[in-house]
Amino acid sequence: MSSGFNRRNFLKTIGVAGLGSVLASKAKADSPATSKVEGNEPNAAGQKQQSETPQVPTRKFGKTDTQVSALCLGAIDITEQQVVLHACNKWGVTHWDTAPVYTGGNSETCIGKYFAANPDMRKKVFLATKASGAHDAAGLEEKLQASMKKMNTDYIDVFYGVHGLNDASQLTDELKTWAENAKKKGVIKYFGFTTHGNMAKSCFEASKLGWVDAILTTYNFRLTKDPLMQKAIDACYKAGIAITAMKTQKSVSVQTDEDKKLIEHFSAKGFTEGQAKIKAVFEDERIASVSVGMNSVAIVNQNVAAVLDKTTLAQDDKDALAEYASATCSGYCAGCAHICDAAVAGVSNINDVMRSLMYHNSYGNTQLAKQTFAEIPADVRSRLSTADYRLAEQRCPQHMPIARLVNEAVEKLA
Ligand code: SF4
């Protein structure tokens with residue numbers, strides 16, 4: 001890694017002087033030898049408005065003419081934190097991603113309050129939300145209207161009409177017609193879906209449809225080595241579908257030896273393992289934006305620093321992430337639901353069970369964990385404790401102790 005940026009002092013200085021002054025003073029000192037991530041554009045709108053404050057780069061949103069901030073506010077834990085929204089605006093983090101189910105609806109309410117108090121900001125923010133729980137055109141319309149009302153807006157920039165898609169067959173002609181009409185009416189600009197399960201297959205099949213504008217998908221340092229995911233991302237990129245990556249990291253609340261080793265590796269380089277995980281995805285120019293959950297100004301500053309800093313990960317950094325991914329694979333569900341679902345009689349949605357447990361254990365978000373768990377069909381939930389998971393455990397590429405984790409999820413979240 002280039003030493004052009006004194007990163008040993010970087011995080012310390014953020015805490016003392018504030019990120020803006022650090023980066024402003026460092027801008028000229030940055031070594032020209034540092035590697036620039038291709039595909040980024042200066043955030044011109046933000047720069048005009050806030051010439052004193054560095055702005056995060058923007059990227060083209062798929063084949064559209066729209067530029068979005070390459071760092072996206074994942075508003076998954078936002079409740080009343082107007083200060084976080086102000087901080088995002090300050091740095092040009094103007095791509096905001098929410099959902100009606102986040103923080104029991106408070107995330108959208110918080111954003112609505114912000115727009116009510118700052119009406120000029122609506123046009124500057126690229127706003128994404130989701131049709132959580134909807135399955136047909138009537139459901140999408142109902143969710144859209146409710147989200148617009150809560151957020152004090154008469155349009156949504158990208159509407160993810162299927163929240164948690166795990167099979168491209170969910171993208172029906174009915175949804176296509178609804179999306180086309182909603183665009184004509186101007187209530188949405190772009191249509192897409194989110195996916196946490198069977199991501200590679202779902203994204204690849206969506207790339208062939210020709211009417212999906214955007215996908216919000218799980219994509220992180222673990223999946224950069226997955227050939228099927230790579231093929232899918234490539235197909236979407238070539239088809240002009242805007243990919244926003246989510247779940248790029250998990251917070252480390254209980255540190256294992258592997259966690260400590262990773263943290264120490266990146267600390268020695270002057271940044272955090274969270275910043276490194278953002279960079280691992282951000283450096284992929286096919287990704288339009290990286291969505292990261294941010295619920296405090298400190299986290300916003302830390303993540304902004306990761307994308308403003310132009311130094312790319314060195315080979316030993318990539319090796320450290322790969323080693324960590326390998327050593328911790330049995331604790332990470334890769335979302336390949338077709339594998340375990342086919343191996344357990346009468347039980348599907350195992351990846352949703354794992355995701356619910358992740359929200360609880362890694363994100364500390366019990367509300368979202370219970371909500372996600374409750375969305376699993378009741379008949380499936382009733383069979384979770386008695387099903388035989390031995391074959392699924394044999395086939396699981398992540399070698400997850402599925403039976404134990406399912407039982408833990410039932411115990412904590414049912
Ligand atoms: S439990 Fe294993 S097989 Fe099932 S989705 Fe997760 S990683 Fe894939």
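Modeller: Two strands pair if DSSP finds at least two bridges between them. Helices (H or I, at least four residues) and strands (E, at least two) are DSSP runs, numbered from the N terminus. The model is predicted: local features need pLDDT of at least 70 and side-chain atom pairs pLDDT 80 or more, while totals for chains, interfaces and linings use all residues. Residue numbers start from 1 along each chain as its sequence is written.

Biologist: How many helices and strands does the protein have?

Modeller: Both kinds of element are present in the protein. The totals are 19 helices and 10 strands.

Biologist: Which strands form the closed barrel?

Modeller: The barrel is closed and has 8 strands.

Biologist: Over how many bridges does β9 pair with β10?

Modeller: Strand β9 covers residues 242–246 and strand β10 covers residues 287–293. Ala-245 has Val-290 of β10 as its bridge partner. The two strands pair in the parallel sense, and the number of bridges is 3.

Biologist: On the other pairing of β9, which residue of β9 is the bridge partner of Thr-218?

Modeller: Strand β8 spans residues 214–218. It pairs with β9 in the parallel sense over 5 bridges. For Thr-218, the partner in β9 is Met-246.

Biologist: How many residues of β9 are buried?

Modeller: A residue is buried if 20 or more other C-beta atoms lie within 10 Å of its own, exposed if 12 or fewer, and partly exposed in between; C-beta atoms are placed from the backbone. Across the 414 residues of the protein, 47% count as buried. In β9, Ala-242, Thr-244 and Met-246 point one way, Ile-243 and Ala-245 point the other way, and all are buried. The strand is mostly covered, and the count is 5 of 5.

Biologist: How far apart in space are Thr-224 and Val-281?

Modeller: Thr-224 sits in the loop between β8 and α9 (227–239). It counts as partly exposed because it has 19 C-beta neighbours inside 10 Å. Thr-224 and Val-281 are 57 residues apart in sequence, and their C-alpha to C-alpha distance is 7.8 Å.

Biologist: What is the phi of Asn-152?

Modeller: Asn-152 lies in the loop between α6 and β6 (156–163). It has 17 other C-beta atoms within 10 Å, so it is partly exposed. Although Asn-152 is not a glycine, its phi is positive, at about 55 degrees.

Biologist: Is Asn-349 buried or partly exposed?

Modeller: Asn-349 is placed in the loop between α14 and α15. It is not a glycine, yet it has a positive phi of about 65 degrees. There are 22 C-beta neighbours inside 10 Å, so Asn-349 counts as buried.

Biologist: Which residue just after α10 takes a positive phi?

Modeller: The phi in question is about 100 degrees. The residue that takes it, just after α10, is Gly-270.

Biologist: Which elements give two or more residues to the shell around the ligand?

Modeller: A residue is near a molecule if its C-beta atom, placed from the backbone, lies within 6 Å of it. There are 14 residues around the ligand, and Cys-333, Cys-336, Cys-340, Asn-351 and Cys-396 come nearest. The elements that give two or more residues to this shell are α14 (337–341) and α15 (350–361).
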